[in-house]
Amino acid sequence: MKILIHYLLLVGLPVLGVLGVLRVGQSLRPPVSVSGPWTVEVSRQVMGYSSCEDQLRQSEPLVLSISQSGPHLTLSFNNKKKINLEGEIESTMVNARSHHPATNPVSDQGNSSDAIHLYATIDRQAGPERLLGALSFSKCPAAPEINFVATRQVRSKGEVR
Amino acid sequence: MLQITTLLIQIIVILLTARIVGWGFRKIHQPQVVGEMAAGILLGPSLLGWLAPDVFAVLFPLSSLGFLSTLSQIGLLVFMFLVGLELNPKLLRERARTALVTSHASILIPFLLGGLLALYLYPRLSDNGVPFTHFALFMGTAMSITAFPVLARILTERKLLSTPLGGIAIACAAIDDVTAWCILAGVVLLVRASSADNVLWVMVLGSVTYVGVMLYVARKALRHLEVKYKQREEVSKDMVAVILLIVFASSLATESLGIHALFGAFIAGAIMPKNRGFVRALTEKLEDITLVLLLPLFFASTGLRTSIGLVSGTEMWFYCALIIGVAVVGKFGGASIAARASGMNWRESAALGVLMNTRGLVELVVLNIGLDIGVISPALFAMMVIMALVTTFMTTPLLEMIYRPPLYARHRETGIIQVKQAA
């Protein structure tokens with residue numbers, strides 16, 4: 001009898017607690033998911049304007065890979081110079097900057113005069129998810145921002161995220 | 001560089017680092033495996049990639065990681081088979097009364113705390129691509145893990161295995177292991193069923209059929225192995241081949257059913273004959289290559305996926321500290337309270353709590369599954385890896401503090417240590 005009471009107290013109550021947690025958690029709203037690879041199309045009119053824009057020029061399709069942990073994002077382009085950015089998502093707005101040298105000595109974009117800034121909005125109209133945004137280079141203040149459209153790559157079969 | 005050359009260089013570097021760091025950890029009275037886990041992290045982007053990015057890029061090019069990961073997964077399958085093989089149902093039956101309450105409470109209390117923590121972390125470290133139910137169930141499971149193999153090694157090294165405390169601890173860890181793997185299989189099933197191509201009821205029905213076939217058909221058929229072993233008193237190469245075929249076929253079945261290959265390997269080990277000589281001989285055949293060569297590859301593979309740099313800033317380190325705190329309070333507190341309620345004294349209860357708090361590499365296995373199926377984010381993965389390392393590292397010194405060998409020996413002489421049979 002004593003063991004049954006202990007069992008109910010130490011096992012039964014936590015089970016009820018877990019059920020309660022699962023119920024309460026349904027009302028939580030986490031940030032919008034943007035993780036995974038996105039195929040990027042850069043606005044053709046501005047390409048080749050300066051060495052900054054040329055960084056994005058390459059033969060393979062340009063892919064933006066986003067790693068997400070809550071609102072915190074790590075973005076990397078597959079271009080030759082491997083542009084890496086860190087940023088955040090707020091509602092449907094993505095805002096990212098190149099790594100700061102103090103936080104990542106590995107990055108080759110550490111120099112603040114070489115800062116790259118990306119901002120984009122999630123377009124949730126019918127069809128595949130898209131990011132509509134622009135990139136700006138502080139090294140080339142005279143150059144216009146590079147507009148881009150990134151389309152989320154379809155997840156392969158069996159892949160959950 | 002040729003792929004085979006790259007792979008060989010990687011294996012050499014990983015083995016060397018694992019042995020050196022493992023040796024260093026043994027010097028500070030830590031199990032070798034804790035050092036090997038740490039070595040994996042050192043070789044990843046968190047240290048080598050941060051200190052020497054060029055060396056890291058040459059040593060672990062992105063294109064080569066698939067081979068390393070596959071090799072480590074094969075090792076992990078054999079390791080999970082060995083974990084299942086070590087499970088002894090007789091041991092569980094003998095101590096069922098005390099072990100059942102303690103082990104179930106030591107799973108469900110941290111599970112509940114993991115769920116509560118999920119309420120806090122979900123908006124901060126997850127996204128709307130992961131349903132809360134999946135996130136909370138996974139967090140609960142990850143918090144309730146006990147590393148059965150590491151625990152067994154700690155108990156053996158400290159000569160506690162044959163004591164009442166050791167017996168209860170190993171029985172609880174075994175029940176924990178089985179329960180946690182069943183819960184995890186359920187979580188993986190849920191996550192995979194939510195993707196468009198899978199149907200939940202087909203996966204559930206298939207899994208139930210699989211477990212039924214393994215428990216009632218395969219287990220009986222495997223008794224022939226025991227008979228053969230008794231006749232020859234050795235585990236022949238043919239026998240090893242048959243057993244490995246069973247392990248990989250079982251893994252393939254569970255992977256196809258959507259509950260992960262590792263679960264199949266574990267079940268294959270659990271249904272093997274439990275004749276002591278047979279288990280020892282089979283373990284000796286498979287253990288060395290698995291533990292010395294393949295597991296360090298898994299640790300390195302995990303280290304390569306762990307970027308501690310993602311845990312940056314006060315906010316992220318606060319989450320990390322919170323995760324460690326909840327993990328320790330849940331497992332240590334849950335197991336200690338349940339053990340005390342089952343009739344053990346406070347010292348033994350606390351020692352049991354410390355032992356059950358060992359998460360070790362089983363936690364790493366679970367975390368890798370979570371990252372693979374996309375339930376946890378890379379930053380949360382890094383935090384949980386830190387938690388696994390901290391909780392495993394703290395076991396030996398805490399046990400030494402609470403349950404010192406001389407004190408224990410004195411207790412044994414005077415017969416103070418007794419496990420009161422509840423009810």
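Two strands are taken to pair if DSSP finds at least two bridges between them, and helices (H or I, at least four residues) and strands (E, at least two) are DSSP runs numbered from the N terminus. This is a predicted model, in which local features need pLDDT of at least 70 and side-chain atom pairs count only at pLDDT 80 or more, whereas totals for chains, interfaces and linings use all residues. Side-chain values use heavy atoms, with hydrogens and water left out, residues are numbered from 1 along each chain as its sequence is written, and chains are lettered from A.

**The barrel of chain A**

- Strand β4 (residues 84-90) and strand β5 (residues 93-98) of chain A pair in the antiparallel sense over six bridges, and Glu88(A) has Asn95(A) in β5(A) as its bridge partner.
- Eight strands of chain A close into a barrel in the order β1-β2-β3-β4-β5-β6-β7-β8, with antiparallel pairing.

**The interface between chains B and A**

- With contact meaning heavy atoms within 4.5 Å, 44 residues of chain B are in contact with 35 residues of chain A.
- The buried area, that is, the accessible area (1.4 Å probe) that two parts lose on being put together, summed over both, is about 3300 Å² between chain B and chain A, and carbon and sulfur atoms give 72% of it.
- Several helices of chain B each supply at least two residues of the side that touches chain A, among them α10 (164-193) and α16 (313-341), while the largest share, 16 residues, comes from α7(B).
- Between chain B and chain A the count of salt bridges is zero, a salt bridge being a side-chain nitrogen of Lys or Arg within 4 Å of a carboxyl oxygen of Asp or Glu.
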